[in-house]
Amino acid sequence: MSDATTAPSTSPVPLVPAPDGDARRKTRVAVLFGGRSGEHAVSAATAAGVLRAIDRDRYEVVPVGITREGRWVLAEDDPERWQIADGRLPEVTDGSGAEVVLSLARGERTLRVLEPGQVPAVLGAVDVVFPVLHGPFGEDGTVQGLLELADVHYVGAGVLASAVGMDKHFMKLVLAGQGLAVGPYTVIRPADWERDRAACVDAVRALGLPLFVKPARAGSSLGITRVDDLADLEAALEAAREHDPKVIVEAGIDGREIECAVLGGRGGAAPRASLPGEIVVDHDSHTFYDFEAKYLDEAHVDLRCPADLPEALIEEIRDVAVRTFEAVGAEGLSRVDVFVTPDERVVVNEINTMPGFTPFSMYPRMWEASGITYPELVDELVQLALERPTGLR
């Protein structure tokens, strides 16, 4: 896969950039990553890919990391620093850089740098934010709402679509309401579990085996357990609750796991879908596509793109992906995951409104197979964000 030919500088971002009114100024893009969720390291790895690929001739890049405590800091512009390598998970810490704040005054869009004992320094206006945040407190509409308040253009889905896409319970309700096929499931809310665990187990038992127990509002396969024996159910539920007090339990579906990337249309054009890809896991090493298989053990995972499927079925998957994207009101980018059953039914598993975006992730790989390189994809997403108005639309 092609990377940008211009290597990024790892020196600190200058505190006195070109004036914001200067017509010669490059478009300033803040790449926002890290965050408070369990997907902190995955977000940093996604940022590494974007920092490496973005066109430095067109864009001035300001990397902004969010610590696990929620502090925004001016981060190193160094892809190597933020990628997952040799099992090392990158982390944004207080020592990663000076603290930064974003003005919430309408039309200002200004980043300021805070140094202890110093007057806040104006870094300059931000034209667009690329929030490569995964999980709660980033992908779930919270940061999107902040950026709307700040009147800043940003890449990806808006507040509602982000929130619906993050919560697998409400996601399934919306998709089913739009006539899309979803698999059988049940939801265990915190009060349900505390009030009557036996009733919760009875509701799950009706789904049959195997089961997949998941945090309702988490991603990257964190806290997910495959259950083949109901004796293991309670432990699986507790493992999921470590990430989210609300849990969703899905019936296992006999079928191939297929993914499809969607890219929001420009200039009023309809969103378009990539060729689909397929994840094939070595089940001797992993019972399903878990966190380790995704990010730490690629040797036992085969990512096939395009997927080996009949042409008519490929077109149906692409149509379902676009319908799913539109059902939740997504914008910019999303990855739609489906199952294809032995009788060739297409069942939607989920939509991910900020999918993994490293050069080796399925989303960019599917677009690469469809004729759009990784740097071109980054550029189109930034342009989509710039074209889209903030506020109600």
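**Notes on the predicted model**

1. In the contact of helix 4 with helix 5, V164, G165 and M166 of the former meet K168, F170, M171 and V174 of the latter, where contact means heavy atoms within 4.5 Å and the elements are DSSP runs numbered from the N terminus (helices being H or I of at least four residues, strands being E of at least two). The residues of this contact divide into 5 nonpolar, 1 polar and 1 charged, with Ala, Val, Leu, Ile, Met, Phe, Trp, Tyr, Cys and Pro counted as nonpolar, Asp, Glu, Lys and Arg as charged, and the others, Gly among them, as polar.

2. On provenance, this is a predicted model, in which local features need pLDDT of at least 70 and side-chain atom pairs count only at pLDDT 80 or more, whereas totals for chains, interfaces and linings use all residues. Residues are numbered from 1 along each chain as its sequence is written, and side-chain values use heavy atoms, with hydrogens and water left out.

3. Two packed helices are described by the angle between their axes and the distance between the axes. For helix 4 (residues 159-166) and helix 5 (residues 168-177) the angle is about 105° and the axes are 5 Å apart, the axes being lines fitted to C-alpha atoms over the stretch in contact, with angles running from 0 to 180 degrees between N-to-C directions. The two helices are therefore roughly perpendicular to each other, on a scale where angles under 35 degrees count as roughly parallel, over 145 as roughly antiparallel, 65 to 115 as roughly perpendicular and the rest as oblique.

4. The loop between helix 4 and helix 5 also deserves a look. The side chains of K246 and D167 meet in a salt bridge with an N to O distance of 3.1 Å, the term requiring a side-chain nitrogen of Lys or Arg within 4 Å of a carboxyl oxygen of Asp or Glu. D167 lies in the loop between helix 4 and helix 5 and K246 in the loop between helix 8 (233-241) and strand 12 (247-251), so the pair ties together parts that are 79 residues apart in sequence. Both K246 and D167 are buried, a class defined by under 20% relative accessible area, with exposed meaning over 50% and partly exposed in between (1.4 Å probe, protein chains only).

5. How many salt bridges does the structure hold? There are 32, and one of them joins the side chains of R71 and E99 at 3.8 Å, N to O. This pair links distant parts of the chain, with R71 in the loop between strand 2 (59-66) and strand 3 (72-74) and E99 in strand 4 (residues 99-102), 28 residues apart. R71 is partly exposed at a relative accessible area of 34%, and E99 is partly exposed at 31%.

6. Within helix 10 (residues 311-327), R318 and E315 lie 3 residues apart, about one turn of the helix, and they form a salt bridge whose closest N and O atoms are 3.4 Å apart. R318 counts as partly exposed at 24% relative accessibility, as does E315 at 38%. Elsewhere, a network of salt bridges links E194, R197, E234, E238 and R241.

7. The structure holds 4 aromatic pairs, meaning rings of Phe, Tyr and Trp (its six-membered ring) with centres within 6.5 Å, planes under 30 degrees apart counting as stacked, over 60 as edge-to-face and the rest as tilted. The rings of F130 and F357 have centres 6.0 Å apart and planes at 55°, so the pair is tilted. F130 lies in strand 7 (residues 128-131) and F357 in the loop between strand 18 (346-352) and helix 11 (362-369), so the pair ties together parts that are 227 residues apart in sequence. F357 and Y363 form a tilted pair, at 5.9 Å centre to centre with 35° between the planes. F357 is buried at a relative accessible area of 0%, and Y363 counts as buried at 0%. Ring pairs link F130, F357, Y363 and Y374 into a cluster.

8. For the chain as a whole, there are 12 helices and 18 strands, and buried residues make up 55% of the 393 residues. Among contacts between residues at least 6 apart in sequence, 67% join residues at least 24 apart.
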